[in-house]
Amino acid sequence: MNEKFSLNVDGKSQGVVADPDTPLLYVLRDDLGLNNPHFGCGLAQCGACTVHLDGQPIRSCITPVSAVGDAKIVTLAGLGTPEKPHPLQTAYIEEQVPQCGYCINGWLMTAAAFLRDNKKPTDAQIRSALEGLKCRCGTHVSILRAVKRAAAMMG
Amino acid sequence: MNRITKLGGPSRRALLKTGGALVVSIGAAVPFDFARAFALSPLQPDQLSSYIAVNADGTVSAFFGKIDMGHGIAVAIAQMVAEELDVPFKAVKVLMGDTATSVNQGGASGATGVQNGGKQLRAAAAEARRVLIDLAAEKLGVPAERLSVNGGIVHTGTEMAKSVSYGELIGGRYFNVTLAWNGKIGNPLYAPGKARPKDPKDYKIVGQPIKREDVAPRVFAQFNFCPDVKVPGMVHGRMIRPAIAGAVPASVDESSIKDIPGARVVWNQGFLGVVADKEWDAIKAAQQLKVTWSNAAPPFPDQASLYDHIRKAPVRKQESPDPQTGNVDDAFKGAARVIEAEYEWPFQSHASMGPACAVVEIKNDQVTLWTGSQKPHFTRDGVAGILGLPPENVRAIWVPGPGSYGRNDAGDAAMDAALLAKAVGKPVRLQYMRDQATGWDPKAPASIHRARAAIDAAGKVVAYEFTSKAFPRVDVNSNESKPHDTLAGQLTGVALQSGDGFGVPEDSYGFANKRTSWETIAPLLDRGSPLRTSHLRDPVGPQIHFASESFMDEVAAALKIDPVAFRLQYVTDARDIAVIKAAAEKAGWQSRPSPRKDQSGNKVSGRGFAYVQRHPTRVAVVAEVEIDRSSGKIWARKFTVAHDCGQIINPDGLLHTIEGNVVQATSRTLWEEVRFNNKNVTSVDWLSYPILDITQTPETIDVVLIDRPEIAPTGAGEPATRPVAAAIANAVFDATGVRIRRVPFSPDYVKAALS
């Protein structure tokens with residue numbers, strides 16, 4: 001049975017009508033028209049669907065819309081803009097990280113939360129924070145370079 | 001004088017503004033109204049305007065019949081076109097993979113984007129410049145040989161007052177110039193004009209490390225992938241596959257999904273799918289639908305007997321593509337010593353980052369297909385075929401898919417979406433689920449490889465023999481232009497037509513007696529198989545060269561010769577020698593035989609070498625690894641790669657391409673194996689098909705780019721994948737003295753091998 005939900009997405013409050021079990025991913029993509037969180041596995045194994053919920057990275061493919069409540073959702077579109085980029089976005093462009101780029105939400109949203117809470121991280125800490133995220137094109141070396149560049153920018 | 005056809009007024013409207021259509025270009029503005037323009041003039045491979053257009057504002061559109069798999073090839077193509085035309089790089093927009101605006105140059109295929117696709121665009125741009133200078137000569141009343149071009153302005157050198165721009169000469173109009181087309185489509189298409197491309201010594205744009213413009217849209221969530229295409233009125237589709245490969249639905253209970261809004265079943269023989277208005281509803285319907293399946297006998301051997309199956313299976317076809325050198329059999333008879341080894345490589349999956357997606361809209365027998373397939377022109381032909389329509393009724397628009405490394409599941413998705421759309425009379429967006437993406441995509445073939453070398457009394461290699469026995473490289477062709485090459489075709493009654501072919505090592509070892517060959521065996525299931533084979537990045541290259549370059553290391557070790565010195569002793573090609581030396585020098589290679597014998601304890605390290613050719617590109621790689629003996633875990637810590645693909649168009653794009661190759665190949669070497677039981681593939685997600693994790697990512701990939709401006713550029717999208725497995729295996733041997741002859745080098749397997 002469909003229910004009404006009010007979601008705070010990238011600073012904007014939006015109403016949707018959906019089956020409470022619907023994963024947040026489909027609500028964001030299909031009901032709210034946001035294309036950037038992607039379906040990769042539907043199993044919380046890859047990260048392509050990652051968004052922030054009250055600042056914490058979560059996998060929207062397994063998070064029912066009914067579990068979101070009034071938590072603030074931030075997607076990649078809300079992380080930064082070409083005019084006001086997040087340091088990770090700047091670093092990703094500088095390092096020319098993506099190949100296909102379908103995995104990008106997982107790495108950027110996870111790294112953004114990590115760098116916010118961990119200043120001057122070591123290589124091992126960065127790797128550990130990003131463990132489990134998938135990139136099939138093999139851009140891992142560039143990803144590490146970009147995260148380190150962003151960490152340096154964030155002091 | 002070249003006749004010029006007016007385009008009926010150059011429209012400044014953006015391309016294809018209709019709902020959901022996506023502009024695929026490396027820049028923002030797209031000057032022509034392409035749909036209208038090409039309706040007026042058929043797109044023909046022998047027409048210059050099929051490749052190059054000068055817009056009224058002097059910008060240039062380059063129409064490319066290949067696509068970008070994530071390496072930024074559009075940048076390289078724009079550089080080649082801008083260079084020949086003498087226009088700024090920023091003035092060129094590359095439009096790729098739309099059958100309405102580009103001829104069939106084969107799509108992404110065999111790392112030929114620059115090698116073949118770029119060659120054609122370069123020739124076309126050079127011809128366009130020649131024609132434009134002729135036009136300017138007439139207009140300015142000056143002989144053509146006195147004219148130069150600077151930034152798209154044709155001028156008389158010192159008399160800058162006498163000048164005319166490309167835009168003034170032809171902006172918004174067709175060239176109407178016929179090229180010397182070789183009559184071929186796809187990769188071999190070539191249609192040069194009368195002009196000769198520039199001398200490389202005059203290059204200003206080619207060779208520059210220009211960055212991609214399509215990275216920023218990706219990181220700012222402004223980029224659309226194929227799964228992001230939305231068409232008004234579309235419904236969502238999902239496919240249903242059997243638990244036992246080969247089973248077909250015997251009965252389908254449509255009432256089992258009647259509570260799901262808009263849910264409908266589409267069933268035709270083995271083809272079974274559902275659609276619903278909402279995506280989550282389509283997913284639920286696919287899960288909830290009650291299906292009774294036919295009794296199919298389990299079609300596969302147990303995985304544990306895969307390699308025995310290959311060994312024992314009747315040979316379907318045998319071939320020795322290169323003539324034998326000398327007399328191998330006689331040389332072995334007289335050998336003082338024979339060294340032999342056998343290697344094994346499993347089935348591997350594309351396991352693209354996201355499951356494939358396709359969107360199909362059919363209106364009055366006119367079809368629009370949005371596809372992530374690497375070969376959209378062929379996909380158009382396939383969709384036309386399965387719908388019973390002529391190809392000209394189908395327009396395929398390539399939109400980047402969620403990863404593409406060959407003939408993955410995208411080709412099947414397009415055909416499935418077409419059948420669903422036809423059945424329900426609405427546009428359909430179909431996306432597979434994860435288990436289907438990994439479980440049911442075409443696989444890279446499993447294989448065994450046998451090598452032997454004859455050594456004479458002086459320790460010289462006098463004979464070498466190498467043969468592969470394998471599932472064929474393509475059960476389904478690397479494009480989906482025929483229904484028999486797709487799941488949809490096979491499940492609706494068109495039998496598989498398995499191709500036959502494999503490959504042999506590519507190198508220049510000058511052994512006096514040498515014979516290489518391959519043998520193929522029949523597929524395990526004659527239709528709708530989750531183990532059907534097709535091309536995955538550098539098709540059969542990693543398999544063959546894992547074996548051949550491991551074997552060279554084995555021979556070197558047996559003869560107690562340094563692995564680099566051994567190769568330099570026998571390799572005959574000058575470019576091969578150069579890459580081998582460049583990699584060794586950059587890595588600080590110290591000459592000594594493997595294995596090293598100075599280590600004890602749990603953690604050991606080693607270095608390994610491998611080199612390959614890949615039709616003309618050459619790559620040599622040094623791998624440095626660390627091994628935890630107690631866990632069997634290998635960390636490929638550092639790679640040093642020397643890469644020669646002839647003339648370098650863009651060193652920045654090339655470096656990233658090589659890095660991606662090396663990391664993905666490391667993943668395939670250490671982790672990747674399609675698991676299956678006798679009923680079906682059981683690798684269905686990232687747990688059952690693990691790939692390299694960031695925690696195991698190499699620390700360093702050092703790349704030496706060897707630029708040869710005078711040699712035509714050749715492929716880079718695949719070659720660096722080829723030598724990686726052998727380099728790692730050779731490094732493991734160097735560290736441990738233990739030879740790993742089976743991929744993947746998973747911790748359990750390595751641990752067992754070390755104990």
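This is a predicted model: local features need pLDDT of at least 70, side-chain atom pairs count only at pLDDT 80 or more; totals for chains, interfaces and linings use all residues.
Residues are numbered from 1 along each chain as its sequence is written, while chains are lettered from A and ligands numbered from 1 in the order in which they are written.

**Chain A**

I looked up the elements next and found 6 helices and 5 strands in chain A; helices (H or I, at least four residues) and strands (E, at least two) are DSSP runs, numbered from the N terminus. Read from the N terminus, they go β-β-α-β-β-β-α-α-α-α-α.

Then I checked the dimensions. The C-alpha trace of chain A spans about 50 × 30 × 25 Å along its principal axes. The radius of gyration of chain A is 15 Å, which agrees with the value near 15 Å for a compact globule of 155 residues; the radius is taken over C-alpha atoms, and the globule rule is 2.2 Å times the number of residues to the power 0.38.

**A sheet in chain B**

I traced an open sheet of 7 strands in chain B, in the order β9-β10-β7-β18-β15-β16-β17, with mixed pairing. Strands pair here if DSSP finds at least two bridges between them. β9 (264-268) and β17 (394-398) of chain B are at the edges with a single partner strand each, so one side of each has no neighbour in the sheet.

Zooming in, I saw that β15 (357-363) and β18 (428-431) of chain B run antiparallel and are joined by 4 bridges. V359(B) has R429(B) as its bridge partner in β18(B).

**Where the chains meet**

Which numbers of residues are in contact between chain B and chain A? I noted 46 residues of chain B against 48 of chain A, a contact being two C-beta atoms, placed from the backbone, within 7 Å. On the chain B side, α5 (215-219), α6 (279-288) and α16 (651-670) each supply at least two residues. The largest share, 7 residues, comes from α16(B).

I also sorted that side of chain B by type: 21 nonpolar, 14 polar and 11 charged residues. Ala, Val, Leu, Ile, Met, Phe, Trp, Tyr, Cys and Pro count as nonpolar, Asp, Glu, Lys and Arg as charged, and the others, Gly among them, as polar.
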